[in-house]
Amino acid sequence: MLPEINAEAQTLQAERDFLLAHLNCDVAALDRLMADEGAQINSVGRVVSKAKVIASFDSGERHWDEAHSNEFRVRVYGETAVVIGRWQARGVSTGQAFEYSPRYLSVWIWRKGRWQMTVDQSTDIT
């Protein structure tokens with residue numbers, strides 16, 4: 001059951017923690033913040049399991065120089081929350097420099113006393 005505090009603010013904090021985990025390649029935080037059945041839909045439309053997302057950070061092949069987000073819209077529907085935002089990231093992945101500025105949608109569920117991401121998808125802004 002959700003606590004009596006502001007669910008939107010809690011979800012937004014979880015979203016910010018998820019971004020910080022990306023920036024720091026913090027595998028433990030990513031593991032905690034993503035639901036076991038969690039997945040990401042990447043920019044080319046592939047569904048990537050939580051295990052593969054975690055492995056991509058754990059490999060040491062990623063380095064982030066910048067990662068931040070803004071333009072949040074949070075909607076809470078019972079024990080489910082939907083976040084629409086925009087983020088910017090820059091760094092290196094598998095030896096290739098990247099700069100990425102998409103809009104994204106993430107779906108969070110309240111489970112085990114915390115918000116966990118079940119799925120997120122990013123779409124390039126052109």
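**Reading a predicted model through H22**

Mentor: Leaving aside its neighbours within four places in sequence, H22 touches L30, Q40, F57, W64 and W87, where contact means heavy atoms within 4.5 Å. This is a predicted model, in which local features need pLDDT of at least 70 and side-chain atom pairs count only at pLDDT 80 or more, while totals for chains, interfaces and linings use all residues. Residues are numbered from 1 along each chain as its sequence is written, and side-chain values use heavy atoms, with hydrogens and water left out.

Trainee: What makes H22 count as buried or exposed?

Mentor: Buried means under 20% relative accessible area, exposed over 50%, and partly exposed in between, with a 1.4 Å probe and protein chains only. H22 has 7% relative accessibility, and therefore counts as buried.

Trainee: Where is H22 found?

Mentor: H22 lies in helix α1, residues 7–24; helices (H or I, at least four residues) and strands (E, at least two) are DSSP runs, numbered from the N terminus.

Trainee: Which residues have the most contacts inside the largest nonpolar core?

Mentor: That core has 26 residues, and F18, L30, W64, W87, W108 and W115 have the most contacts inside it. A nonpolar core is a set of buried Ala, Val, Leu, Ile, Met, Phe, Trp, Tyr and Cys residues joined through side-chain atoms within 4.5 Å. At least two residues of this core come from each of α1, α2 (27–33), α3 (50–58), β3 (62–77), β4 (80–93), β6 (102–111) and β7 (114–124), and α1 gives the most, with six residues. As for W64, its contacts beyond four places in sequence include H22, F57, W87 and F98.

Trainee: Why does E71 count as partly exposed?

Mentor: E71, which is in strand β3, has 40% relative accessibility, so E71 falls into the partly exposed class. The phi of E71 is near 55 degrees, a positive value in a residue other than glycine. C25, in the loop between α1 and α2, likewise has a positive phi, near 50 degrees.

Trainee: How do you know that the radius of gyration of the protein chain agrees with that of a compact globule?

Mentor: The radius of gyration is taken over C-alpha atoms, and the globule rule is 2.2 Å times the number of residues to the power 0.38. For 126 residues a compact globule would have a radius near 14 Å, and the protein chain has 14 Å, so the value agrees. Of these 126 residues, 36% are buried.
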